[in-house]
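Here are my notes on the model you sent over.

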Amino acid sequence: MQLSLFLSMAAFAMVSSITPGPVNLITLSAAVNFGWRVALRHVWGATLGFTFLLVLLGLSVHVVLHFLPQLSLALQWAGVAFLVYLALRLASSQSQIERQQNAPAPSFLSGALLQWLNPKAWIASISGVAAFTAEGATQTLWWFALIYFVVCFLSLACWAVAGIFLSTYLRQPQYLRAFNLCMAALLLASAAYLLMS
């Protein structure tokens, strides 16, 4: 595999993984509310769940999109709508973090399953497969999945580390409000990016 293709795949995976999305925000929240170990379980589950989704879509997406080309556009619009909804919810959220004693901690399984319900994950998988494995080369798909696995894990781990670091500051309402507004703006920027791509 050429170095330029490797770097392009890594850059695509980084942009898709590190930008705000539902899984990133839950990872951040898990770190703030439950600590590093719980957040790390969620990170492993989300990374494996996404990689599995990517491989399955990579093996089948060309066939499906051949018969239903409008599905790609529908997924893109659904993902944009979900990101806008999430941004609005985040911008209007309470300026207070409260650890709920009875709230279940995110788990490995919930992290894996969440990726399958995440429009951003579907859009990233389909876009990546279309961009890098358009010829249907299975070997290229496996390399892409391996690269994406490493980058996805590191990106989500960064969100967990940020949650640990920010947990002290986010307990102060004025900082949490500013943080939520910044995150909402980043989600809207992600939605705009998806519309323009």
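1. Aromatic pairs first: the structure holds 6 of them. A pair here means rings of Phe, Tyr or Trp (for Trp, its six-membered ring) with centres within 6.5 Å; planes under 30 degrees apart are called stacked, over 60 edge-to-face, and the rest tilted. Take Phe 50 and Tyr 148: their ring centres are 4.5 Å apart and the planes meet at 40°, so this pair is tilted. Phe 50 sits in helix α3 (residues 36–67) and Tyr 148 in helix α7 (residues 138–170), so the pair ties together parts that are 98 residues apart in sequence. Both Phe 50 and Tyr 148 are buried, where buried means under 20% relative accessible area, exposed over 50%, and partly exposed in between (1.4 Å probe, protein chains only).

2. Phe 52 and Trp 116 make another tilted pair, with 5.9 Å centre to centre and 50° between the planes. With Phe 52 in helix α3 and Trp 116 in helix α5, the pair ties together parts that are 64 residues apart in sequence. Trp 116 counts as partly exposed, because its relative accessibility is 30%. There is also an aromatic cluster, made up of Trp 44, Phe 149 and Phe 153.

3. A word on what we're looking at. This is a predicted model: local features need pLDDT of at least 70, side-chain atom pairs count only at pLDDT 80 or more, and totals for chains, interfaces and linings use all residues. Residues are numbered from 1 along each chain as its sequence is written, and side-chain values use heavy atoms, with hydrogens and water left out.

4. The overall layout: the protein has 8 helices and 0 strands, so called from DSSP runs (H or I, at least four residues, for helices; E, at least two, for strands) and numbered from the N terminus. Of the 197 residues in the protein, 43% are buried. Among contacts between residues at least 6 apart in sequence, 88% join residues at least 24 apart; a contact means heavy atoms within 4.5 Å. The accessible surface of the protein is about 10600 Å², and 71% of that belongs to carbon and sulfur atoms. Those areas come from the Shrake-Rupley method with a 1.4 Å probe; for residues, only the protein chains shown count as cover.

5. What does Gln 115 touch, leaving aside its neighbours within four places in sequence? Its contacts are Val 23, Ala 46, Gly 49, Phe 50, Leu 53, Ala 121 and Trp 122. Gln 115 belongs to helix α5 and counts as buried because its relative accessible area is 4%. Note that Phe 50, from the pair in point 1, is one of these contacts.

6. Leu 156, in helix α7, is buried because its relative accessible area is 2%. Not counting residues up to four places away in sequence, Leu 156 touches Val 23, Asn 24, Thr 27, Val 43, Ala 46 and Thr 47. Leu 156 and Thr 19 are 137 residues apart in sequence, yet their C-alpha atoms are 9.9 Å apart.

7. On the surface, Trp 44, Leu 48, Phe 108, Leu 109 and Leu 113 form a nonpolar patch with about 480 Å² of accessible area together. Patch residues have over 30% relative accessible area and no salt bridge; like charges are joined within 9 Å, and nonpolar side chains (Val, Leu, Ile, Met, Phe, Trp, Tyr) within 5 Å. A salt bridge puts a side-chain nitrogen of Lys or Arg within 4 Å of a carboxyl oxygen of Asp or Glu. α3 and α5 each supply at least two residues of the patch, and α5 gives the most, with 3. Leu 113, found in helix α5, is partly exposed because its relative accessible area is 48%.

8. Ala 105 lies in the loop between α4 (70–91) and α5 (108–116), and at 34% relative accessibility it is partly exposed. Beyond residues up to four places away in sequence, Ala 105 touches Phe 34 and Val 38.

9. Last, the cysteines. A search of the whole structure finds 0 disulfides, a disulfide being a pair of cysteine sulfur atoms within 2.5 Å. Cys 152 is buried, at 4% relative accessible area, whereas Cys 158 is partly exposed, at 46%.
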